[in-house]
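Trainee: I've got a new model open and I'd like to learn how to read it. Can we go through it together?

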Amino acid sequence: MKRLFIPVTLVAALATPSYAQDDGEGLSLMERGARMFMEGIMKEMEPAIDDLGELAEEFGPAMRGFAETMGPALHDLMGQVEDWSVYEAPEVLPNGDIIIRRKPEAPEYVPKEGEVDI
């Protein structure tokens with residue numbers, strides 16, 4: 001509910017016509033209020049943004065290693081699969097194998113010539 005309150009309030013404040021007097025700096029009271037509101041939101045968000053930066057620094061090397069190792073294999077897989085919407089979410093078996101099943105309503109798979117159907 002709190003997540004919805006801020007955007008709704010901001011939209012309402014920005015959509016309301018500004019009838020206030022000019023403050024001499026070219027901004028009406030409504031515009032100054034909206035600016036102060038946004039500055040307050042940015043100050044509230046600053047710790048979360050800093051935490052996100054630290055998390056990126058922590059996971060960056062691991063993600064880079066994953067991309068270097070798995071990148072070519074994933075590229076090959078993307079080239080082989082024409083339509084990902086006909087597959088279920090991957091499933092991890094008790095022995096650690098990962099399988100991706102075709103959805104029951106998916107059209108029947110027809111192997112290409114020379115391809116082995118397992």
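Trainee: Which residues gather in a patch of negative charge on the surface?

Mentor: Keep in mind that this is a predicted model. The patch brings together Glu46, Asp50, Asp51, Glu54 and Glu57. Take aspartate 50 as one of them: you'll find it in helix H2, which covers residues 29–80.

Trainee: Is aspartate 50 buried, partly exposed or exposed?

Mentor: Partly exposed, because its relative accessibility is 43% and that class runs between under 20% for buried and over 50% for exposed.

Trainee: In what order do the elements run from the N terminus on?

Mentor: The order is α-α-β-β, so you have two helices and two strands.

Trainee: How many salt bridges does the count come to?

Mentor: First the general idea: side chains of opposite charge can pair when their charged atoms come close. Here the count comes to one salt bridge. Arginine 101 pairs with glutamate 91, and their closest N and O atoms are 3.2 Å apart. Glutamate 91 sits in strand S1 (residues 91–92) and arginine 101 in the segment after strand S2 (98–99), so the bridge ties together parts 10 residues apart in sequence. Arginine 101 is partly exposed at 46% relative accessible area, and glutamate 91 is partly exposed too, at 34%.

Note on methods
Residues are numbered from 1 along each chain as its sequence is written. This is a predicted model: local features need pLDDT of at least 70, side-chain atom pairs count only at pLDDT 80 or more; totals for chains, interfaces and linings use all residues. Side-chain values use heavy atoms; hydrogens and water are left out. Patches are made of residues with over 30% relative accessible area and no salt bridge: like charges are joined within 9 Å, nonpolar side chains (Val, Leu, Ile, Met, Phe, Trp, Tyr) within 5 Å. Accessible areas come from the Shrake-Rupley method with a 1.4 Å probe; for residues, only the protein chains shown count as cover. A salt bridge is a side-chain nitrogen of Lys or Arg within 4 Å of a carboxyl oxygen of Asp or Glu. Lys and Arg count as positive and Asp and Glu as negative; His and the chain ends are not counted. The place of a charge is taken as NZ of Lys, CZ of Arg, CG of Asp or CD of Glu. Helices (H or I, at least four residues) and strands (E, at least two) are DSSP runs, numbered from the N terminus. Buried means under 20% relative accessible area, exposed over 50%, partly exposed in between (1.4 Å probe, protein chains only).
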